[in-house]
Amino acid sequence: MYCSNCGTQIGDRDNFCHACGRGVAHEGEAHQNTAPGYNAPRRVYRLVHDKKVAGVCSGLAKYFDVDVTLVRLAVATGIILSGGLGLLAYVVAWIIMPVDRGAPAFHSQATTSTPATS
């Protein structure tokens, strides 16, 4: 099954698209939140496909739409300047944030290589 909003593949029993957050109407039922102008709330996920330690920074970067390197630098600076309290916050976020196991969205340019034929 695919999301009608963003085209991402989702599970048959999912109620929301993990990529865009839009509610999914299952076959034979009308979704109650399909009013014009309704936007499903965005959720923060840990991204396991773009992780260095636990995926917390990459999930925050995707949520705030910033470069993941900036978030990692901010977290590392926060851990150092807080005397370790930032590390505790990172571990708590690691435990609390749900995991998004979806495949990464590759935006390939027209540089795909094809095997040479002779």
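Modeller: We will take the labels in turn, each with its cut-off.

Modeller: This is a predicted model, where local features need pLDDT of at least 70, side-chain atom pairs count only at pLDDT 80 or more, and totals for chains, interfaces and linings use all residues. Residues are numbered from 1 along each chain as its sequence is written, and side-chain values use heavy atoms, with hydrogens and water left out.

Colleague: How many helices and strands does the protein chain have, and what makes a run count as one?

Modeller: The protein chain has three helices and two strands. Both are DSSP runs, numbered from the N terminus: helices are H or I with at least four residues, strands are E with at least two. Along the sequence, the pattern is β-α-α-α-β.

Colleague: Why is serine 58 called buried?

Modeller: Serine 58 has a relative accessible area of 3%. Buried means under 20%, exposed over 50%, and partly exposed in between, using a 1.4 Å probe and protein chains only. The value of 3% is therefore in the buried class. Serine 58 lies in helix H1.

Colleague: What does serine 58 touch?

Modeller: Leaving out residues up to four places away in sequence, serine 58 touches Leu47, Asp50, Val68 and Arg72. Touching is contact, meaning heavy atoms within 4.5 Å.

Colleague: Which other residues of H1 are buried, and what covers them?

Modeller: Val56, Cys57, Ser58, Gly59 and Ala61 are buried in H1. Their cover includes strand S1 (46-47), H2 and H3. Take alanine 61, with a relative accessible area of 4%: that value makes it buried. Alanine 61 touches Val66, Asp67, Val68 and Val71, not counting residues up to four places away in sequence.

Colleague: Is valine 48 buried, exposed or partly exposed?

Modeller: Valine 48 has 28% relative accessibility, so it counts as partly exposed. Valine 48 lies in the loop between S1 and H1. Its C-alpha atom is 8.6 Å from that of serine 58, although the two are ten residues apart along the chain.

Colleague: What makes aspartate 65 exposed?

Modeller: Aspartate 65 has a relative accessible area of 68%, and therefore counts as exposed. Its place is in the loop between H1 and H2. Aspartate 65 also has a positive phi of about 55°, although it is not a glycine.

Colleague: And why is proline 41 called exposed?

Modeller: Its relative accessibility is 57%, so proline 41 counts as exposed. Proline 41 is found in the segment before S1.

Colleague: How much of the protein chain is buried?

Modeller: Buried residues make up 22% of the 118 residues.

Colleague: Which residues meet where H1 and H2 pack?

Modeller: Cys57, Ser58, Leu60 and Ala61 in H1 meet Val68, Val71, Arg72 and Val75 in H2. By class, the contact has six nonpolar, one polar and one charged residues. Ala, Val, Leu, Ile, Met, Phe, Trp, Tyr, Cys and Pro count as nonpolar, Asp, Glu, Lys and Arg as charged, and the others, Gly among them, as polar.

Colleague: What makes a set of residues a nonpolar core, and which residues form the largest?

Modeller: A nonpolar core is a set of buried Ala, Val, Leu, Ile, Met, Phe, Trp, Tyr and Cys residues joined through side-chain atoms within 4.5 Å. The largest has nine residues: Ala54, Val56, Cys57, Ala61, Val68, Val71, Tyr90, Ala93 and Met97. H1, H2 and helix H3 (85-96) each give two or more residues to this core. The largest share, three residues, comes from H1.

Colleague: What does cysteine 57 touch?

Modeller: Not counting residues up to four places away in sequence, cysteine 57 touches Val68, Val71, Arg72, Val75 and Tyr90.
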